[in-house]
Structures are given as C-alpha cells and as structure tokens.
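Visitor: I have a model open here and would like to talk it through. Could you take my questions as they come?

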Amino acid sequence: MPADTEVPPIVQMRGITIEFPGVKALAGVDFTLRGGEIHTLMGENGAGKSTLIKALTGVYPIDSGTITVGGRPREFRGTADAQSAGISTVYQEVNLCTNLTVGENVMLGHEVRTAGRINWAATHREAARHLENLGVRIDTRSMLAVHSIAIQQLVAISRAMVTDSTVLVLDEPTSSLDRSEVEQLFAVIRDLRDRGVAILFVTHFLDQVYEVSDRVTVLRNGTLVGEYPLSELPRATLISLMIGRELDDLAALSRSAVREVDRDAVPVFSAHDLGRKGVLEPADVTVFDGEVVGIAGLLGSGRTELVRLMYGADRADSGKVEVRGTPARITTPRHAIDHRIAFSSEDRRAEGIIGDLTTAENIVIGIQAKRGWLRKVSKAEQSAVVADYIDALGVRPADPNRLVRNLSGGNQQKVLLARWLATAPQLIILDEPTRGIDVGAKADIQRKVAELASQGLSVVFISSELEEVLRIAQRVVVMRDRRKIGELISHDIEVGDLIDFIAQDHVTAQLETPESVA
Amino acid sequence: MKRIIKHRLFWPIAALLVLIVINTIARPSFISVTVQGGQLYGPLIDILRNSAPLMLVALGMTIVIATRGIDLSVGAIMAVSGAVALTIIQGSPDPNGLGTVLIAIAAGVLVALVLGVWNGFLVSVVGIQPIIATLVLMLAGRGIALLITGGFITTINSEPYRFMAQGYVAGFPFAFYVSIAAVIVVALVERRTALGVLTEAVGINPEASRLAGVRSRGIIWAAYAVSGLLAGLAGILYSSNIMAADANAAGLYIELDAILAVVLGGTSLMGGKFTLAGTVVGVFTIQTLKSTITFLGVPPAVSPLFLAIVVVIVVLVQSHRVRAFAMTLGQAVRGRKTPTSTEVAS
C-alpha cells in the first residue's frame, strides 16, 4: 500500500538549484522520497528530471539547496558519496561489467573472504541467494553478457541490495524490455517497496506509472509543479500538468488515419519476399503515395529487422524490391538514399545523432552525404535550411550551433527528422521515433508525420505504442516472431483488436496479404 | 579575456610560448635572428626549417586520427619515398637537372601515395584495425626501402634536390614554405569542401554516418592515402637534408612525434573533431622542445627523459581536469567557496 505522508522521509531535497552555462536546469526544486513507496518523477524532456536524479546520485554538484538522506544532511562530491549514503541507481543501459560473471557483478567489492582470500564458492552462493530474493534463478557463474537486458537490470538491483541500499533509483529501466520482462521487474520492485526500500522510478510510459507507482512528482522547465498521490490524479490531469497545456493537439490528431489513400496507383515502394535467413522470414510490404504504414508487433517481432532490410541497413538475402514500379537493388543505405528513401533508426544515440557535431551540422549532413564531399552545402544554404527546420519542428533550444548531444531526446529526434526531411525523400521510415521522449515532443512529431503524409510523403512508422500506430497509420503491418502475420486497415479496429491479432495463434482476419500463416 | 582562454587553441599556444620564454631566459640569443646574405639565421628559423617533415606527417596523422584511426607506417613510408627519389637521381645521367629531380620527387611521392592507399585498403575495405594494418608497413616499409637502395645508404650530389631542405627563398627556408603550403592545401580541402565535416562525422559515429548516407569507406580510405602522400613528401625533405637515403634512420619514431603533436594540438585520439591549427602548434612545440635540448646542452643520454618530463607537464597543463583541480586548490587556499565545475554541462 502507498505509504502515508507521516512516514519519515528517507530523502529530502530542498531548494535544489543547478545552473549550467546559460540555463537554469533546476530552480529551487523540492523533492521528498519516503521508504516503502514507489515514487515516479515525471516531466517533459528538459523539465529537469535527469538533472534532479543526477543531483541525487552525486553526478552533478548542486549550486544551492540541501540534500538530506536518512536524516543526515549530505554533500555529494561524486557518485561514490551517494552510494555510501545508500543510494543505488539502475540505468536503462546497465552499468555493470558484462565481461564478468553474474555472481562477480552482484558481489563486486563484497566478496566473501576466508582467511583473507576470496572464497568463490561462498561468494557465488551468496550471489545466488540475493538473486533468489528477487525471484531470479540463473547460473551465477555465467557471463553477464549472455543475459538479456532485463536480467542484467535485475542483477543490478540485486547488487544494490547487497550494498544495503535504502534508496533505489530506476532511470527508465523499462525502455528496452518486453511486456513479460516489465512484469517481472515490477514484481521485484513492488516486493522491495514492501520491504521498505524507497524507489524512485523514471519512465515515459504512462501505463507503467499507473501500474506501479504510489506517488508522482511533476517537474516542468526546471521547476516543481507539485507532488501528488497517484490514486487522486487522473491521467489527463497528469499530462496537462506535465506539458502545461491542454491536450487539444493530441485530440485533434486522433485518427488522422481516416484519410483515404489511393491503393490502385503504382506504389512508391513494394517488396516481395524480402527476408534474411535467421533474421526475418520473407515478407511483402507495399507503401503507397501519401500513406502511413504502421508496423506493429512486440519487441523482437521482426519489425526493426524488416525496415532495416527495406533500407539496406542490413542486406537481404531474398526478395525483390520495386520503387515506383521499377526493380531496384537496395543493399546499402546509399542505394536507398539514391531512391529517395530515408530511415531513422530506433537507436537514436548509437545510430542516429552524431553527438559532437552541432544541430546544424547534424541536420545538413543528410544533404551533404547525398551531394558528396566536393559540393559543400554553403553557409547561407545551411543556415536557411536549418532555420526552416528548427522552426518547423520546434527544436529547442533553437540554437543551430549547440552540440546535438546536449539536446534532450525529443529534440534530438526532431533534429533527425529534420535531417531526413531536408533530403526531400519520397518514403521515410521512422523506427520508434517517439520512444523515450516527452509528451509534447511526441505530439509535435506525430503532427508532423500526419501533415507530411497529407502532403503526399509516404511513411513507414514503427512504435511500441499501439495506440499511436493506430492513430497515425492508415494501414498496419503486424509482425510476430520475426515474420509478418498480416495487415489491417487501421480505422476498422481498436487497440484491443490489434492486441488480439498479435496474440492469436491462427490468423484468419487478413486483408490483402498473400501469405497465410499456419 | 574569458573568450580567449576558452578558445581551444589557448592552452596549446600558451604551452608553446612558455617554452620559448624559458629558452630565451636561459639564453637570450634564442630569439635572435640574424641576416646573412639575404638569409635569416637563428634558433627560431631552424625550428621552422626542421619542423617541416614532422609538420607534413602530423597533418596526415590528424586526418587519420579524426577517423578513429592511427597511421604507424609514416616513418617507413618516408624511408621508401626517399629511397625511390635518391635511387632515381643516382641512376640518372644528369643528377643536377631540374627535370630529373622533379621526376624523382614525383616518383617518391607517388610510391608513398600507393603505400597510403594500401593502408587505407586494409583499414576501410578489409576491415583490419588501423594499428595492426599500418603496423604491417611500419615493419615492411624499411625492408622495401632497403631493397630499393640495394642495402646501401644511397648518397647523391644534386643541387636542385639539396634546395628542397636546405635552400632559402626570400630569407626563409624553402622547407618551411613546403610545410606551410601543405597546411594551407590540406586546410582548404578539408574545410572548403565537406571532407572535413564528413571525416569528423565518421570519426564521431561511424554507424550513424553510414545510415545517414556518408560514404565512410571512401573517407577513411582517403585519410590514409593523404597521410601516405604527405609522409612521402616528408621523406623527400628528410633525404634532401642529409642528401642520403638511409632506410633505417629516415623518419625513425616520427609516427610517435606526430601522434604527440596531434594530441598536444587538441585533437582527441578518440577521433571526431580535429584541428589542423592545433596540430601546427603541436608540431612547433615538439620542435622547440627538441631544440631546447640541444640549445640548453642537455646531455644526449638524458634527453629522452627530459623530453618525457616536459611532455607530461605540457599535457597536464592542457588537461581540463588538472586545471579545474588547480583552481579548486587555489580557491580553497584563499578560503573561497568551491566553484561548480562548468564542465559537467558540456
């Protein structure tokens, strides 16, 4: 049960202010975390969530304010100080040693010693006990690297328990987990809560907030909006608290999908039996002018694999591709770009942005790569293009000379969208363009996609949020277990139908899809 | 003032100036420049002249490092290009003819370019790690040079060839003009075309660059080709200076000096953003250090140690962390509040 306000708080942060050159990242923010509660920190990108967490975990020094942990005022000069105060952090990208065994990771620094030497047998037994406490039964002598991200996170949590942490910070732990893994993680953190651990949870998934949280603190533009018990806070209210405006935008967008698409014309892109051994069973995909084709399916269903083959990011070993009715050979990204096909990867950091270049350079590099190195995009042309897109997509800060790695996730995504739109594609493939970004940026991107499609651009849109897919796409390709299991016209169905379709064993409801799956 | 300090060339230039000042204090004649027969003489002029080969090599190294690579073979390539050029001149009936010398230089540089292309092929097409790929030529190159010279140290007499490293034009050493011309050409090619920014993109995030349509293979390949070509030119200058092709001594350890010059100039070994101006400053710093050793009469036996100590100090002075730490210390001594590091935000 949610803890009462009377329970003495474990963490009290008062008047926290952190300034970066030119920006006040946090301005006098208060934050309270009690034992035995799961507390979610919410806010748009740039609201100051990560800054607050970094202040609590000792990554950033604070400019003013106080941090009290367990009744004692603390001054964190580094992450080690925060850890010794009992604060452990589990990140989305697990920060463990993947080249060590599970047991070594759990017990690192706390190995069981016998006569001054490490007793490995006892250490592994101890590690296994800690893992078992969380319901994890794996071989502690296996390498951490062989386990899924989900298991690695649970290992990180066990490690936090070994170090007797009273505060557990989970920074977007669920971003790369599938549904059942999320369930397992939630079971673990509920259990820890019931044992009195204070849990700070950060996520972008509203459903998960309501599923697991007791309390929520909302930040906006570096200031505190308020702290609320979640049971008294309807979703719509929470969202409007976060973005500070009503959700008219999102509502107006609902079912832009209804627009008609001419499917008798020659398709912009069509692939027949496109596949790769061990990666994707041969699948057909067709995209018409001005159509948004959604790809729905769980993580690992083959949706990313499919679009990577379409773009030539990976090489297909079967299938034929036609662009506007003409056979095309697309085996590298360059081929796709030459056919005016653009692709924005789901992994923004590793495969999207070029972090140490500026916003302007990141936007222009698409055009530049297309032109070749000899014909440099002139300064004047660059500033014109960049100013246009910063304005059209609402990139913040609107400073073209800022390094793109210093932008928030949502703004990085807008920069990537700008990069591709600047190359004037006829088909743009967006793999999870709204993952891990805030509601405001999400709405901006959805609106832009709908607008572009209405102007004739063809879009392939992947998203884990089925509602979003149904809202934006006119047609949905459904994937499961690395193969295409069917297609649906999106205005015929609701999210529930889509879930049923993904879940069912034998596909019966099919639409213009040639391969029946037994 | 703050903006000057923030400029990324501030600390490299400061280090160079401090070195010059120390030298001058130790022996005021260090900054004296005399005119004899229309030619400038003096320790500073020697630095300009002697730094030319390193300048050429370090320029190429900067580009290679920007792609996340490294080129260990530059010294060996210098040996090969010198051997090719001198063998041609030696075998020619007219070693003093300008035509002969130009052909010899062109041949030497062309062979070096081929070797650079080979390195680039191994790295960008075959996919061998740069340090291993260029190690091949680093080891084999001197063997090739020995094969060309037949195992001897080829010596020649050729006035036009001697002019490359030892001649003067308008008071300044000709070699200095060669190195400055190379700096200007490379800077123009990198910055006036998109090659520079595409190279940085590939160095910062190869996969994102590939997906954005950047032809990273060609860009990486070109970097090694340029590095080879410039090393070839450096080999010509080196052999012209001693008028001999010494396959074992030519450009020995120059790859290390070049890497050091690049780093001193502020280009990260992690690749990505690079600064040619920084490399120029780095080269002058290293060359000044080397003359300091001779000028101050540091015994040859301990000169590597002296060099190492000074390099460590220079690198430390340029490190953000060390400077931040020193400032914290300074302020703690004066009893003021510790400043928050501005580094975290950037």
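Visitor: How do strand β13 and β14 of chain A pair, and over how many bridges?

Guide: Strand β13(A), residues 269-276, and β14(A) run antiparallel to each other and are joined over five bridges, where pairing requires that DSSP finds at least two bridges between two strands, and where strands (E, at least two residues) and helices (H or I, at least four) are DSSP runs numbered from the N terminus. Within this pair, Leu274(A) lies opposite Ala283(A) of β14(A). This is a predicted model, in which local features need pLDDT of at least 70 and side-chain atom pairs count only at pLDDT 80 or more, while totals for chains, interfaces and linings use all residues. Residues are numbered from 1 along each chain as its sequence is written, and chains are lettered from A and ligands numbered from 1 in the order in which they are written.

Visitor: What is the strand order in the sheet?

Guide: The sheet is open, with four strands in the order β14-β13-β16-β17 of chain A and antiparallel pairing. Because β14 (280-287) and β17 (326-328) of chain A are the edge strands, each with a single partner, one side of each has no neighbour in the sheet. From one strand to the next the twist averages 25°, with angles taken from 0 to 180 degrees between N-to-C directions and axes fitted as lines to C-alpha atoms, for helices over the stretch in contact.

Visitor: And which helix packs on that sheet?

Guide: Helix α10(A), residues 303-311, packs on the sheet and touches β13 and β14 of chain A, its direction making about 65° with that of β14(A); residues are in contact if their C-beta atoms, placed from the backbone, lie within 7 Å.

Visitor: Switching to chain B, how do α6 and α7 cross?

Guide: The axes of α6(B), residues 98-126, and α7(B), residues 130-149, come within 8 Å and cross at roughly 150°. Residues making this contact include Leu115(B) and Trp118(B) of α6(B), and Pro130(B) and Leu137(B) of α7(B).

Visitor: What about where the chains meet, how many residues does each give?

Guide: Chain B contributes 25 residues and chain A 29 residues to the contact. On the side of chain B that touches chain A, α10 (195-204) and α11 (206-211) of chain B each supply at least two residues, and α10(B) gives the most, with six.

Technical notes
Contact = placed C-beta atoms within 7 Å.
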